[in-house]
Amino acid sequence: MGGPFVDDAQLEYARRLAGETTGPVLELIRQHTTVSIERTVLRLFGIAGAGSRGVPLANLLVDRLHAAGVLNKGAAYWYGRALQMGAASPMEAVERLTSVPIEKLPALAPEEEAKLREDVRDEARAAVEDLRRRVRARDELRSELGMPEPPHKYVIVATGNIHDDVDQALAAAQGGADVIAVIRSTAQSLLDYVPNGATTEGYGGTYATQENFRIMREALDAESRKLGRYVQLTNYSSGLCMAEIAFCAAYERLDMLLNDAMYGILFRDINMRRTFIDQYFSRRVCALAGIIINTGEDNYITTADAYESAHTVIASQFINESFAKAAGLKDWQLGLGHSYEIDPQRPETLLLELSQAMLVRRCFPNAALKYMPPTKHKQTDIFFSHAYDVMADLVAVWTRQGIQLLGMMTEAMHTPLLADRYVALKAASYIHRAARGIDREFEVRDDGKISERARAVFREAIELLEECRRDGLIAAIGRGRFGDVKRAELAGKGLDGVLEKSPDYFNPLLELLEAN
Amino acid sequence: MPGTARQIIRPYGDRRDDGVVQLSFTFPVPLTEKAKEAAAQFVRRMGFSDVRIAAAEPAADNYTFFIIYARSGMYIDYSEIQVSELVARKLDFDELNRLVEEKFGRRVIVFGACTGTDTHTVGIDAILNMKGYAGDYGLERYPWFEVSNLGSQVPNAELIRRAMQKGADAILVSQVVTQRDVHKENTRQFIEAAKEAGIYGRTLLLLGGPRVDHRLALELGFDAGFGPGTKPSEVANFIVHSLLKKSGQEPKELHYQGEPQ
């Protein structure tokens, strides 16, 4: 394994800085809810379909409550009011609540109010128990069939049509893929609703819908049984619907989700408050459902320079870890992201990349870690590109990455051909097989380039964390400290979907998630 | 050049004129002897001879991946190939800055963005950001260029409006996502918007992306297109030469090394 580089006290210091950085943000999170969180609560109660014009029922109802100025009591409360008014099904609840002037409903007597909450809590408990049963079924299949040793080889499908995605995913699984990611349609992250049903038209990817999740997971279950090894599925809990996607994914037994505390702010210009609040709730769902999150620090070094900005990755990983732990996630669920992106024209890049990946492993010894391939400096010479990817395969196995997204030799040209995935999987299998255990055979010299670089990057990461703690995370983002992207607290998309909770706010799902 | 002596060339494998070509493709059938024969016949039908299947691999249960070497009897008379004559040498970073200072005496104003729904800023960042690409500085680094990179998912009209406010000399549109030709649709809209705004034919309009080439860009109504592997200095050279031509300070027929073709 890579050297210690830094002592345990320094790691504790980094974690303390991260904790003091996320603390004030967690306070903001506790006081607020969002339209996406409230829609998630309604989905738990089975309000999951779409209305006549394709508008999801959860949106229909939450928008109505928001417009009436009563959403800050919690959608669950109003769902309870609908039940109390005699609604016999989730559909009837929607009908009742959208047909009366909610703001004019009289207050209930205290004992009626208490009973309403108890009834809704009972229903939430039953729904969460159902969710747990589904998650257990996934876990049982996973342990029955087993998974190979990490790094788990992760490949992407992106046809736009869920049925074509299934064909490509099965082919990839047969070629040796351990994790299938279905790329989302371009800009789905900016939709403030989750589309409904199976979809066959997408741009640059396939819409994330609960039905598409179900179709893909069922196909992979059957293929896993055939192959005698469990093939994992991942999607994207990011953008304006982090919380809802997490719930849909949990229900349909997905294994992983891309989920980052700051990615939406930086790279999708989604409002800061909205993202922080949503990421907390979505991670609570992931914690309950045993979903591994994949964070997006690799993106920082596709915009900023990978050599100059290496420390921002480390600092952000500590922050992401702190937010994740506050939401109840365990170490094994932390696929903290980083990547092989230093300009290959520089000398000694293998040493630099090893240094960075070893440092990440040193800082997060028990995390899953998600390693990303080169993209920014990829060339259209596919033979060079293939050799370049293979170096990332070597670093991944050397530093015991949990998850490795495989580079494609046609990166920078087109969406991968079926054969591109096959070639990448074959090469990665070879490298992982050939070099497994190499970390135990070689010690990194303490006075060498790898160690010196790791110590220098860690020092800078500490300085950045100190700045974040001193001036606040929001100010640091405002200065463009992460990914060279500057964002302001009250700018960006989705701020109008953020609400301060009323003193009698009611969210039995959150209660159960936090008690988990 | 026409009229000169014929110069016959063929692909060079390891002997002059052996005509050796590498091919690779996938058939949607399981790997069997029949699949291999089908692949060989397919390659022969394309006009190749001496077909050697180097690899036939089961990429999946129902897909076979082939790597094939074969010879082609085709040849090309190199003397008949016509492309625009190279006249000027490509200028480097300092030469280009000096030229702008000398000829214009003001900074060249460039705006760029990924427009429409495209969220992939890798291409536009490589061209515009300080850092640049493959050791070639981005346009922001040129002291005689003033660059605004608006990022991703910028509406076409917004890019045009902001560029007009600053009196931009050139607008760069980057399109990475090309699924179902979404890039063509969006860029057509951009050109329509540029016409409505009255900057079409006045401001240089440049298109870039992994599936873009110069010809496609011209068809869509742009002044130039830049495909994969384009270096920022190539874009900078194009902008400066085009502006010099527009202002009559350089002959229209002038061509230079690295010009998009």
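Where is the place of B:K252 in chain B? I began my notebook with this residue and found B:K252 in the segment after α7 (232–246) of chain B.

**Conventions**

I note that this is a predicted model, in which local features need pLDDT of at least 70, side-chain atom pairs count only at pLDDT 80 or more, and totals for chains, interfaces and linings use all residues. Residues are numbered from 1 along each chain as its sequence is written, chains are lettered from A and ligands numbered from 1 in the order in which they are written, and side-chain values use heavy atoms, with hydrogens and water left out. Helices (H or I, at least four residues) and strands (E, at least two) are DSSP runs, numbered from the N terminus.

**Entry 1: B:K252**

I looked up the accessibility of B:K252 and recorded it as exposed, with a relative accessible area of 59%. For this term I use buried for under 20% relative accessible area, exposed for over 50%, and partly exposed for values in between (1.4 Å probe, protein chains only). Setting aside neighbours within four places in sequence, I found B:K252 in contact with B:K245 and B:K246; contact means heavy atoms within 4.5 Å. I also checked B:L96, which is 156 residues away from B:K252 along the chain, and the two C-alpha atoms are separated by 18 Å.

**Entry 2**

The size of an interface is often given as the accessible area lost when the parts come together. I therefore looked up the buried area, which is the accessible area (1.4 Å probe) that two parts lose on being put together, summed over both. Chain B and chain A bury about 2500 Å² between them, and 54% of this is on carbon and sulfur atoms. The contact draws 29 residues from chain B and 33 residues from chain A.

I next read the polar contacts, each a pair of N or O atoms within 3.5 Å; within protein, one must be able to donate a hydrogen and the other to accept it, and residues adjacent in sequence count only if both atoms are side-chain atoms. The rule finds four residue pairs in polar contact across this interface, with both residues at pLDDT 80 or more. On the side of chain B that touches chain A, the elements giving two or more residues are β2 (20–27), β3 (48–60), β4 (63–72) and α3 (122–128) of chain B. Of these, β3(B) gives the most, with four residues. I sorted the residues on this side of chain B into 11 nonpolar, 11 polar and seven charged. Here Ala, Val, Leu, Ile, Met, Phe, Trp, Tyr, Cys and Pro count as nonpolar, Asp, Glu, Lys and Arg as charged, and the others, Gly among them, as polar.

**Entry 3: salt bridges**

A salt bridge is a side-chain nitrogen of Lys or Arg within 4 Å of a carboxyl oxygen of Asp or Glu. I found two across the interface of chain B and chain A. A:K426 forms a salt bridge with B:E57, and the closest N and O atoms are 2.7 Å apart. A:K426 is partly exposed at 42% relative accessibility, whereas B:E57 is buried at 18%.

Over all chains the count comes to 56 salt bridges. Among them is the pair of A:D192 and A:R39, with the closest N and O atoms 2.8 Å apart. A:D192 lies in the loop between β3 and α8 (210–227) of chain A and A:R39 in helix α2 (residues 35–44) of chain A, so the pair ties together parts that are 153 residues apart in sequence. I recorded A:D192 as partly exposed, with a relative accessible area of 25%, and A:R39 as buried, with 1%.

**Entry 4: strand β4 of chain A**

I found strand β4 (residues 232–236) of chain A mostly covered, with five of its five residues buried. On one side A:Q232, A:T234 and A:Y236 are buried, and on the other A:L233 and A:N235 are buried. Strand β3 (residues 179–182) of chain A pairs with β4(A) in the parallel sense over three bridges; two strands pair if DSSP finds at least two bridges between them. In this pairing A:V179 stands opposite A:Q232.

**Entry 5: A:S282**

My last entry concerns A:S282, in helix α11 (residues 272–289) of chain A. A:S282 is buried, with a relative accessible area of 0%. Leaving aside neighbours within four places in sequence, I listed its contacts as A:S237, A:M242, A:A243, A:A246 and A:N259.
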